[in-house]
Amino acid sequence: MKFTSKLAFAASALALSVSAAWADSGEISVGMALEPPHLDPTSAAAGAIDQVLYANVFQGLTRFASDGSIIPGLAESWTISDDGLTYVFQLRHGVKFHDGTDFDASHVVFSLDRARAEDSTNAQKALFADIASVKTGDHYSVIVTLSKPNGSLLFNLAWGDAVIVSPESIDTIKEKPIGTGPFRFVEWVKGDRIELERTPDYSWGDQVALDKVTFRFISDPTAAFAAVMSEDVDVFPVFPAPENLAQFDADPRFQVLVGSTEGETILSTNNKLPPLDDVRVRKAIAHAIDRKAIIDGAMFGFGTPIGTHFAPHNPAYLDLTGNSAYDPEMSKSLLAEAGLADGFTTTLKLPPPSYARRGGEIIAAQLREVGINVEISNLEWAQWLEQVFRGKDFGLTIVSHTEPMDIGIYARPDYYFQYDNPEFQALITELNAEAKADKRTELLHKAQTMISEDYVNGYLFQLAATGVANAKLQGLWVNAPTQATDLTGVSWAE
Amino acid sequence: MSLTTAPPRKPSLLRTITSSLNLTLGLFIIVVFFGGALISLVWTPFDVASLDIPNKLKAPGLPHLMGTDHFGRDVFSMILVGARTSIAVAVVAVGIGMGLGVPLGLAAAVRPGSFMDELIMRGNDLVFAFPALLIAIMITAVFGPGAVNAILAIGIFNIPVFARLSRGAALSLWTRDFVLSARVAGKGAVRISYEHILPNILNLLIVQGTIQFSLGILAEAGLSYVGLGAQPPIPSWGRMLAESQTMISFAPHLALFPGLAIVFTVLGLNLMGDGLRDILDPKIRRER
Amino acid sequence: MLRYSLKRFLSLLISLLVASIVIFVVIEIVPGDPATYMLGINAQEDTIAALREELGLNASKLERYWNWLSGMMVGDFGTSYTYRSPVNELIGDRIWVSLPLALIALTLSTAIAFPIGIIAASRRGSVTDMSVMGATQLGVAIPNFWFAMILVLIFAINLRWFASGGFPGWDEGVFAGLKALTLPAIALALPQASILARVMRTSLLDTLSEDFVRTARAKGLSKAKALRRHALRNALIPVLTIIGLQFSFMLAGAIIIENVFYLPGLGRLIFQSISQRDLIVVESVVMLLVFAVVLVNFFVDLTYALVDPRLRGRQ
Amino acid sequence: MALLSIENLNLSIHGIDILRDVSMSVEAGKVLGVIGESGSGKSMTANAVMQLLPNGTDCSGTILLEGQNLLDLHEGQMNRLRGKDIGMVFQEPMTALNPVKTIGAQVAETLLIHKAASKPEALRIARETLNRVGLPEDRFPMSRYPHELSGGQRQRVVIAMAIALKPKLLIADEPTTALDVTTQAQILRLLKRLIQEDDMGLILITHDLAVVSDMADDMVIMQNGVVVEQGPAATLYRDMQHPYTKALFEASSHIPDRDYADERGADPLLEVRNVIRDYTLPRTKLFAAPGYFRAVNDVSFVINRGESLGLVGESGCGKSTLTRALLGLEPVQSGDILFDGDPVVKNGLVVPDIRRKMQVVFQDPYGSFNPRHKVSRLITEPYHLLPSSPTGADRDRAIAEALESVDMPASAAEKYIHEFSGGQRQRIAIARALIIRPELIILDEAVSALDVSVRAQVLDLLSDLSDRFGLTYLFISHDLSVVRAITDRVLVMKSGKVVERGATEDVFENPQHAYTKTLIDAAPQLPDVA
């Protein structure tokens, strides 16, 4: 199988020709709720790092396109051996790091080996688990050998955690990132902003229109609203307060961007904690929840109801919301059936995002209607990770699983919601080894149905990508297949 | 012919209260809010626990006097119940401050300059060195947010306030002759503190208590505002403000009413404190 | 004077030492692990262990306390876990927002409170007194964050006179910096000014009833002159105490205001660090704030001695 | 023409009459003594002259200073007049000076405020004036702060401020009441000298007849806002008409009837042997041993059963410390205190049985009662010392008896202390001391805060009680006349030591120690009226 991105190449050639006309056409300031803790995407889970740097400063062998598909990045083409164990990547020529060094195969080997090393601090080390070795072919080719076939390798290599870094910059990467992207790092005023500027002589890939980008960190939703309203920021790709979007929509100065994300927002349930280990109780919870009220109340209407752990925009999605239609009466009778006619009490531990905090209040009220008393406690992420995710000390929690194609987590019995179904685990093993698209779809349908009918978790809605931007900005990503703010194609309209 | 001076007349309490504008106004406001809080125990116009999302963000009018919030809850009812939270947190916190601070202050005053005095006063300085909000943040970071921890944080900060106040007042009382008389009568320090010192600083404590109470309400609002106070679904003014903040541009009533509730309660308490001081404090001075 | 200062200084050092122990103990029992936080939900156990090792989190508590303390002695707070940069640098960046903000707010508060307090005291019982004091009563009762919200609504969103928040940095020019700090400083200062004005008035009234003011009047000083020349300086002691308290309040208590105006100050740093379990930053910032409070109190004590010769002791 | 003449002055504050129809006058170079007890309106008269009156004051009549009616002047004119034409000296020298300004600056301010001199000139005059009032340059540089001076020295500074511009009239409102008797004599002499040198008129306001008797050319007696009698000092003593004036004179030199203790067959009740009490001073250097101050230095004496022993001395002489040591309120460093042959303090605690036999009455009638308790509870406080205190009707009877023994109605038991006057309170204090039938009562300046007439009544009561109950008194006071009136023997203390002791009359008639002589000479004397 061979894939060459002629189209992309052509597009970049075209862009090259018009870039002169777009010169000095502008600066933008991008609002973000969270500030990166540091600037090394390969050693932290913080999405904020990718939001600033992915595709802008750092590039990987492959990359996500705005529709979620995988396209060539620093590798302009690749070949895969028939047994699916050997990948040979042909690298782009003439690529330079921002410090002036030439990019070649050794950088790829360095970056991938660093990510999978024993003492690696890569937050997604599992992505590289199946890689047996990475070797240079020649100056511009890399050979990756797998220990077993993995249909997701190209997808995995597109993650921000797999970007190519230069060995010389490793010591200072957290403060002063050096990548190969169309923008280079200028300054970071901690607590306030990060500034990027266009890489001079950028000749590999799509040409960019912007000269200067300022990411400004505004954690407070009110402040974010005010900043957009007063046009202090030009775009807020992930606007933290959906309640304000209607106002922006009504204002001709702004455009509201509503797209899809990979975030399945679920009412995670501790499948090992009585009485939640009883499927009838989980089903009762599922039927007690009114998704529309949650989407309206917590998200101000933004979000797509889901009935299983799968993104609705994915072609393999099955609409299973019918399995858990809002039916409090049924809920009550299910509880009675489970011997809990008088209801029961459980905890609901909520991480900071407003979907969780607001959704939690609504769900608590809805569960109270059927006799389930829920004690809310608001946690910070660190506490949530410790208590809920690692400690498994919870009854219910609300969280949005933003990793793409992550139905596989249901095959991990030690995962925090502790769903342990050998049948499902076998299904996923089969899926991982399967390469045929139609067969994969069938298996995925089966998996979605199984977790939906086991009522593993309460499936609430797919998080919408809700952003707001100046009406004159064009080329922004509407969907969010990964956490990124790709500014490559962004420009000001005349 | 009498050469003795006439004993001073003691004005009737009722007359003093009505003649003090501050006190009357303060009492009126406080009665309204405490009354509201009490009534909310048995009745509120709407149930604050049940959500009515289709009716969300209604402007003030009928039947929702102060409108509804983003979950369709009745703001007026939430303010009534929120008064309860504010009052409860502030009362208990001031109680902690008084309950611990006053005995500490009295103990320190028994022998000024003693090791005990130094220990207590340096301890006080230490607590004072931590700005109140920092104490709150540290406590909630350790034990998690919640009304109890907010109470603890505000309470801890109140301890040195009362310790200092009661020590200062007790020090001057210890030099008074009636304390000497009690010592001549063989009474010990604990008994004197309880029998002679405490009743004489009570007025001062009441006045300060009122002021700390109002500060407690402000502090509770501040903590709830940053999410460290009472947790949902318990309504709290500070959290109502925090939640309303993103909607202030299209639903200003959500920010207006809880804010006014805080302002009025604090104002009422401060006015009452001033009024009480006018009545209670000069008497102490006159007695000297 | 020297003895007095030395004594105060010694107690300052002891306070700081005890404070450092309290802070360390309290923060260290905070649940949550910085490594886990940084690596997120897909991290593998061995990765977390590797990061903990790299961050030096596996050393004993006592050792870490000692490292932290001994570092502080020479002005080195250590390295942030999450930012991986020296804590000094992080604090250094933020303090240039928080400190000027506190100073501007304090100056504003004093500039408003002093004349108000003086006018009210000198015209005790007049309509001016009543209305000004009524206004301060209201000012005391307004939560500063609510006031900040209203300021943003009016001046940033509706009138658009000021930016709604953020801080351009002092290298963008002093004016730009001051402009960004204007609304936050007002939000911080007005409630504090109300308190200060009330204290000023009460203290002045107390002093005005002192015998020496009567003596001054008997010399032929008019009421206003007696107030200016004799009462004012004597009335300053309680006022200075409050100013000292307010400065520490503004430095540390600005946490909320910094959030409303998204200023990159110490307050936001501390919130952020707590949520990221960047314990060493939390410890250091808290320590720094405590240090500031203690230092301010120290200077207030010294100022007392300047104002009041009785505290200087006999030479 | 008189320098100042007050005619038909009426004054009311918020509608309450304070002064009625007050008239008096003073001439240049002369001293007018204004005498009255508390509440007589004497200070308000002075304030009216200065026009330093509280808000809500209504003034009518005339106050003519060299023919100009001060009541017609507006505030600005009064400001120009105060300090320049009229100087004033107040009672409390401890608080009358601004603590944060140097004495030089405060004296010079009088000149500067009236633009009478340039700054260096004002400082030079201030220096001269300070020299004049007895604060010589070498010991009292102008850079001194008030807290570095004693009470008498501060009063001199206040006087310097008042006379810096050589005013025509000086008003001194109780200028020596807060001072020791020797200091008082010096200040009075100073005032006298100054008015002669500068030909000023002086209004000397005091509650103490003896103080004015040496000084005044004319006298005015006031009571309840009214002038009851006035006239030249020389004749007023002889020709006084008003009963109040007579009562005042009688009370001022009152000697109660009492049985004098028999010297022979003396039975020692309290023995004090070589008592030493030291106070540790704060360290001056960090590692040096702290210094100490010896407040009571090797004091020994005996009080015999049934006698009344006086202890006189000026403030700071150690008499209060000694009292507290006797009561076991303070530890002593060495020496013994024996009551009936037994030590008062054992193992650091006062033996309760002894404490019961030894009670105390303090000076301040306002401060010695807990304002929150009723009289019945207040006077039964010593019951705490009894193993089983009476209850119910017995207790009520004991309270009633105690109150009646001090001529108070039994109904007083149910009242609070603020309902009583100073004299009544002091009676209640005595009742409290009596209720557990003590043998020794220590009277610590017990009558010093009372007006003279009340003082006379309380002294009568004390001598009566002593006769009735066979009480022994230790009478501590700075007031020589009182000690002389009520004690059998007297001790004179100075700087922690007893410098003279003996039978009261012997000591007063024929003092041996130089200090005792000074003390007795300094005490102002009433002329013999008889």
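Here are some numbered notes on chains C and D of this predicted model.

1. **Ground rules.** Residues are counted from 1 along each chain as its sequence is written, and chains are lettered from A and ligands numbered from 1 in the order in which they are written. Since this is a predicted model, local features need pLDDT of at least 70 and side-chain atom pairs count only at pLDDT 80 or more, while totals for chains, interfaces and linings use all residues; side-chain values use heavy atoms, with hydrogens and water left out.

2. **Confidence.** The model comes with ipTM 0.79 and pTM 0.81. For chain D, the mean pLDDT (the predictor's confidence in each residue, from 0 to 100) is 86, and 96% of the residues of chain D reach 70 or more.

3. **Chain C at a glance.** Chain C has 13 helices and zero strands. Helices here are DSSP runs of H or I with at least four residues, strands are runs of E with at least two, and both are numbered from the N terminus. Along the principal axes, the C-alpha atoms of chain C fill a box of roughly 85 × 60 × 35 Å.

4. An unreviewed UniProt entry puts "transmembrane region" at residues 9-30, 95-120, 141-162, 174-197, 235-257 and 285-307 of chain C. Such positions are given in the numbering used here, with feature names shortened, and the annotations may be inferred rather than shown by experiment. Residues 9-30 of chain C are 91% helix and 0% strand, with 32 Å between the end C-alpha atoms. Residues 95-120 of chain C are 100% helix and 0% strand, and there the end C-alpha atoms are 36 Å apart.

5. **Domains of chain C.** The chain splits into domain 1 (2-73) and domain 2 (94-275), with bounds that come from an automatic or database domain assignment. The C-alpha centres of these two domains of chain C are 34 Å apart.

6. **A helix pair worth a look.** How do α5(C) and α8(C) cross? The axes of α5 (residues 87-122) and α8 (residues 174-208) of chain C come within 5 Å and cross at roughly 35 degrees. Axes are lines fitted to C-alpha atoms, for helices over the stretch in contact, and angles run from 0 to 180 degrees between N-to-C directions. The crossing of α5(C) and α8(C) is right-handed, meaning that the near helix is turned clockwise from the far one by less than a right angle. The contact of α5(C) with α8(C) involves 28 nonpolar residues, four polar and one charged. In that tally Ala, Val, Leu, Ile, Met, Phe, Trp, Tyr, Cys and Pro are nonpolar, Asp, Glu, Lys and Arg are charged, and the others, Gly among them, are polar.

7. Residues 4-249 of chain D are 38% helix and 26% strand, and their end C-alpha atoms are 27 Å apart. The domain assignment gives domain 1 (1-85 + 169-175 + 207-253) and domain 2 (255-355 + 477-522) of chain D. The centres of those domains of chain D, taken over C-alpha atoms, are separated by 41 Å.

8. **The four-stranded sheet of chain D.** An antiparallel open sheet runs β2-β1-β4-β5 in chain D, where strands count as paired if DSSP finds at least two bridges between them. β2 and β5 (68-69) of chain D are the edge strands, each pairing on one side only. Seven bridges link β1 (residues 4-13) and β2 (residues 16-26) of chain D. Leu9(D) faces Val22(D), and Ser12(D) faces Asp17(D). The two strands form a hairpin with two residues between them, and His14(D) in the turn has a positive phi of about 45 degrees.

9. **Another hairpin.** β9 (residues 218-223) and β10 (residues 226-232) of chain D are antiparallel, with six bridges. Asp218(D) stands opposite Pro232(D). Two residues lie between β9(D) and β10(D), and Asn224(D) in the turn has a positive phi of about 45 degrees.

10. **The six-stranded sheet of chain D.** Which strands make up the mixed open sheet? The order is β18-β19-β20-β13-β21-β22 (chain D). β18 (358-361) and β22 (497-503) of chain D each have a single partner strand, so one side of each is left without a neighbour in the sheet. From one strand to the next, the twist averages 20 degrees. β21 (residues 489-494) of chain D runs antiparallel to β22(D), joined by six bridges, and Lys494(D) has Lys497(D) as its bridge partner.
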